[in-house]
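Q: Happy to look at this one with you. Shall we go through the terms and see what stands behind them?

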Amino acid sequence: MFLRRSAALLVRAFSSTGNTTNLTGSHAEAIATRLEGVDKELVRELLVTVPELSKYTVEHWERAHRLLASEGLEPDRILSIIGGHPDILVRQEEKVAESLHCWRSCQFGDVNTKVLLSAHPYLLDYTNHGQLAQRVAFLHSHFESRKNVFRLFLNAPNLLTDEQRVTEEKITFLLVRMRHEVLDVAKSFAFRHDIEHLRCRHTFLERLGMFKPKPLKADKDAPSGNPSLHQIIDTSDKRFAVKVAYVTLEEYEVFQELFRRELEQELGRYSLEQDDGDEVDYEDEQHEEPDQLISDRGRKAYRKHTR
């Protein structure tokens, strides 16, 4: 009895899976038939990968495809946009066209604009032309070219909505305090990280003697001898500790906690000074603990590596 029931359940499950596959294939074929230049297999894979797309009619697909194609987007990019942002299928055509106009006005170049929007389709929800123009101008003033601004948005689309003071603090830290090259910052994922992460990684290497900001008068093309910005900020804690700082993960984790406390103490001291103009006596504090907890092995390994 048990075996018979189990067999029945397996048959039912297989039948259900087969029916779902058939429905997906039929829907994909209907869509591909109506959309010029679109490959049926790509549509089918998209329907399997993003099940939410199955609820939209062929007419929804046809309308969105027609609009995006009329704006010069290729079939593969159109599918990438739809797969990444299914709601675009029911978004008002006027709003999508308005957003495309906004992004084209940034003057990133036609190809770059297509790359950006297919990588981050949710940007097509944005229609505030004035705010976008202001943000692009702000970034351009620090990063020298429209292409670099494009790189920034591609690597960190959150720059569109982050508060300007938050972005400015990161720019000041990376370009002024740490003196990284503009292009290196533009090509990195720096602006996806919070300022605490950027400061912690750099401070750790500085206290190990493994990072020094380039002299102000140094030749721009002269090697700095520092790890690359990508290695410093865009790696996991373990890889950063072992491969970049040449210490153990545990040592870096101890430093992170001590550095967090150090920042909290600085913030508390600043708040007290703001609240009370009178002189306040503070207990002597030692801020060298992170250095003391880093073994000499890390420094020796680095010196050996750089010989």
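A: Let's start with a crossing: helix 6 and helix 8 cross in a left-handed way. The model is predicted, with local features needing pLDDT of at least 70 and side-chain atom pairs pLDDT 80 or more, while totals for chains, interfaces and linings use all residues. Residues are numbered from 1 along each chain as its sequence is written, and side-chain values use heavy atoms, leaving out hydrogens and water.

Q: Why is helix 6 called roughly parallel to helix 8?
A: Helix 6 (residues 110–119) and helix 8 (residues 146–155) pack at an angle of about 10°, with axes 10 Å apart. Angles under 35 degrees count as roughly parallel (over 145 is roughly antiparallel, 65 to 115 roughly perpendicular, the rest oblique), so helix 6 is roughly parallel to helix 8. The axes are lines fitted to C-alpha atoms over the stretch in contact, and angles run from 0 to 180 degrees between N-to-C directions. Helices here are DSSP runs of H or I with at least four residues, numbered from the N terminus.

Q: Which residues make the contact between helix 6 and helix 8?
A: Contact means heavy atoms within 4.5 Å. Helix 6 brings Asn-112, Val-115, Leu-116 and Ala-119, and helix 8 brings Phe-150, Phe-153 and Leu-154. By class, that contact has six nonpolar, one polar and no charged residues. Ala, Val, Leu, Ile, Met, Phe, Trp, Tyr, Cys and Pro count as nonpolar, Asp, Glu, Lys and Arg as charged, and the others, Gly among them, as polar.

Q: What makes helix 3 roughly parallel to helix 5?
A: Helix 3 (residues 58–70) and helix 5 (residues 93–104) pack at about 30°, with axes 11 Å apart. That angle makes helix 3 roughly parallel to helix 5. Helix 3 passes helix 5 in a right-handed crossing. Arg-63, Arg-66, Leu-67 and Leu-68 of helix 3 meet Glu-93, Val-96 and Leu-100 of helix 5. The classes in this contact are four nonpolar, no polar and three charged.

Q: What lines the largest cavity, and why is such a space called a cavity?
A: On a 1 Å grid over the protein atoms alone, a cavity is a set of points where a 1.4 Å probe fits but cannot get out, and lining residues have an atom within 4 Å of a point. The structure holds one cavity of 30 Å³ or more, and the largest cavity has a volume of about 50 Å³. Its lining is Arg-63, Ala-64, Leu-67, Ile-88, Leu-89, Arg-91, Gln-92, Glu-93 and Val-96. Helix 3 gives the most to this lining, with three residues.

Q: What makes a space a pocket, and which residues lie nearest the centre of the largest pocket?
A: A pocket is an open set with protein on both sides within 12 Å along at least five of seven lines. The largest pocket has about 320 Å³ of space. Among its 14 lining residues, Glu-196, Arg-199, Leu-263, Glu-264 and Leu-267 lie nearest its centre. Helix 14 supplies the largest share of the lining, nine residues.

How values were computed: Helices (H or I, at least four residues) and strands (E, at least two) are DSSP runs, numbered from the N terminus. A crossing is left-handed if the near helix is turned anticlockwise from the far one by less than a right angle, and right-handed if clockwise. Grid points are joined across faces, edges and corners, and a volume is the space filled by probe spheres set on the points.
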